[in-house]
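Welcome! Let's take a friendly tour of a protein model, looking at its charged side chains and its strands. Have a look at the structure first.

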Amino acid sequence: MTVWSEGDRVRDAKTGKPGTVVQVTGPAPFIYRVLVEEDDTGGPPIMIYRYGDQLRRARIRTGST
């Protein structure tokens, strides 16, 4: 099982949406608070809570130049 840190980019395995870990609570099993990125609809940011096995590594965003 991967241990995530605050600031890590992750993808929620359930929804497939990318986000950033903003809080880690423990002791084990760790619970991760994830800020899910906004979609194109302009909706408000969403916070979700997940266990480590419910998260996957996300690709790093790169800006276009």
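The side chain of Arg50 makes a polar contact with the side chain of Asp12, at 2.8 Å. A polar contact here is a pair of N or O atoms within 3.5 Å; within protein, one must be able to donate a hydrogen and the other to accept it, and residues adjacent in sequence count only if both atoms are side-chain atoms. Keep in mind that this is a predicted model, where local features need pLDDT of at least 70 and side-chain atom pairs count only at pLDDT 80 or more, while totals for chains, interfaces and linings use all residues. Residues are numbered from 1 along each chain as its sequence is written, and side-chain values use heavy atoms, leaving out hydrogens and water.

- Arg50 lies in strand E4; strands are DSSP runs (E, at least two residues), numbered from the N terminus.
- Why does Arg50 count as buried? Its relative accessible area is 16%, and buried means under 20%, with exposed over 50% and partly exposed in between (1.4 Å probe, protein chains only).
- Leaving aside neighbours within four places in sequence, Arg50 is in contact (heavy atoms within 4.5 Å) with residues including Asp12, Phe30, Tyr32 and Leu55.

**Salt bridges**

- Side chains of opposite charge can pair when their charged atoms come close.
- How many salt bridges are there? The count comes to two, where a salt bridge is a side-chain nitrogen of Lys or Arg within 4 Å of a carboxyl oxygen of Asp or Glu.
- One of them joins the side chains of Asp12 and Arg50 (2.8 Å, N to O). This pair links distant parts of the chain, with Asp12 in strand E1 and Arg50 in strand E4, 38 residues apart.
- Glu37 and Arg9 also meet in a salt bridge through their side chains (2.4 Å, N to O). Glu37 sits in the loop between strand E3 (31-36) and E4, and Arg9 in strand E1, 28 residues apart.
- Glu37 is partly exposed, with a relative accessible area of 27%, whereas Arg9 is buried, at 17%.

**The sheet**

- Five strands form an open sheet in the order E4-E3-E2-E1-E5, with antiparallel pairing; two strands pair if DSSP finds at least two bridges between them.
- Strand E4 (46-51) and strand E5 (55-57) are the edge strands, each pairing on one side only.
- Strand E1 (residues 9-12) and E5 run antiparallel and are joined by three bridges. Val10 has Arg57 in E5 as its bridge partner.

Notes
Helix = DSSP H or I, 4+ residues; strand = E, 2+ residues; numbered from the N terminus.
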